[in-house]
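Here is a short report on one protein model.

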Amino acid sequence: MSLSLSSPPDCQDLSNMQADTSRVPTYTVSCEDYVHVVEFSPFSSGTPSSLLAYGGNQYVVVATCLFQEEDLEVEGVEFNVLRAFHHELRVDALAWSPESRLDRLPFIRFCTAAADRKLRLLTSDLRDKHEVKVMEGHTSYINHLVFEPTEGKQIASVSDDHTCRVWDLDGNENITLRLRSPGISVCWHPEEAFKLMVAEKKGTVRFYDLLAQQAILSLDCGQSPLMSADWCLSNTIKVGAVAGSNWLIWDITRSSYPQEKRPAHIDKARLFKWSRANENLFATTGCPGKICSQLLIHHLGHPQPVTIGSATVASGLSWHRTLPLCVLGGDRKLCFWMTEM
């Protein structure tokens, strides 16, 4: 079996670091290994805490987070590891199912992608029952994946093999969309299960009707490579992306070309993510390993971004479901930044 239960890595050294909020994380959590991927669940856990998963070289850890901004009795952040799962290979991408809940009998479901071109769907009760379903079909590196957000019965993944594939929970590949370049990002409409957004490396973002399996709208960056794109799920007329060193924003009701385009990073930009708490707030990162890489937080009402961190940016970027707070993975740590915008 490719994924199994094991003891959790050490995740205990919690600190509330407020000295210089432009340079230092608001909160940090230390971890046992390098964190390549980190994802807040975009869905309610049924409890005041948020679900979070992070992945490293051979593991995925599932935890809960509760911040003092949500509960005045919490000092800084209350971070509890629920379970760690052994993963044969490094975790390259991870997505949460909306079925994951903690308020009744605990039920966790998430899906990962790894360098062996396989998806692994893990379902667990966080005790002794767990199941791993391996999904094979992609013939090259898988860049991103997402669950259908209303019922969680489908998963979409995009790959360097020039396809977007839609799977059911039994591992069946139900839809294959042929792309014109590597698939970089995929997003599902928050309410309409037949609408999917797919971003391609050559600089095109397309919206598909999954019933007809045809593109219904396309957007053009005007440059490449497109490295990351995100659909603003609190206002679905907005799409954002990074290409080259720039960030770009579209209003899909107005034009197929960006309404705004600005330089983001001295080196190439790597990730773009919309805040879930504020439709005008988004974050970008530079490429990991570059000397001047940064996490930048931008607000559409402000002309200049806020430099949040100047250290070398690691992998993974995710926003909290309700707070203007994002998390980055790093070398033996998770870094959380709160913005007051």
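How many bridges join S6 to strand S7 (residues 77-87)? The count is 9, and the two strands run antiparallel. Strands pair if DSSP finds at least two bridges between them. Strands (E, at least two residues) and helices (H or I, at least four residues) are DSSP runs, numbered from the N terminus.

This is a predicted model: local features need pLDDT of at least 70, side-chain atom pairs count only at pLDDT 80 or more, and totals for chains, interfaces and linings use all residues. Residues are numbered from 1 along each chain as its sequence is written, and side-chain values use heavy atoms, with hydrogens and water left out.

**Strand S6 and its partners**

Strand S6 covers residues 59-67. In S7, Val81 is the bridge partner of Ala63. Strand S5 (residues 50-55) also pairs with S6: 6 bridges join them, and they run antiparallel. Thr64 in S6 stands opposite Leu51. A hairpin of 3 residues joins S5 to S6.

S6 is mostly covered, with 9 of its 9 residues buried. Buried means under 20% relative accessible area, exposed means over 50%, and partly exposed lies in between (1.4 Å probe, protein chains only). Both faces of S6 are covered. One side holds Tyr59, Val61, Ala63, Cys65 and Phe67, all buried. The other holds Val60, Val62, Thr64 and Leu66, also all buried.

**Salt bridges**

A salt bridge is a side-chain nitrogen of Lys or Arg within 4 Å of a carboxyl oxygen of Asp or Glu. By this rule there are 12 salt bridges. Among them are these:

| Pair | N to O distance |
|---|---|
| Arg109 and Glu99 | 2.6 Å |
| Glu173 and Arg165 | 3.1 Å |
| Arg206 and Glu200 | 2.7 Å |

Take Arg109 and Glu99. This pair links distant parts of the chain, 10 residues apart. Arg109 lies in strand S9 (residues 108-113), while Glu99 sits in the loop between strand S8 (93-96) and S9. Arg109 counts as buried because its relative accessibility is 12%. Glu99 is at 23%, so Glu99 counts as partly exposed. Lys153 joins in: Glu99, Arg109 and Lys153 are linked in a network of salt bridges.

In the second pair, Arg165 is buried, with a relative accessible area of 8%.

How exposed or buried is Glu200? Glu200 is buried, with a relative accessible area of 1%. Arg206, across the bridge from Glu200, also counts as buried, at 11% relative accessibility.
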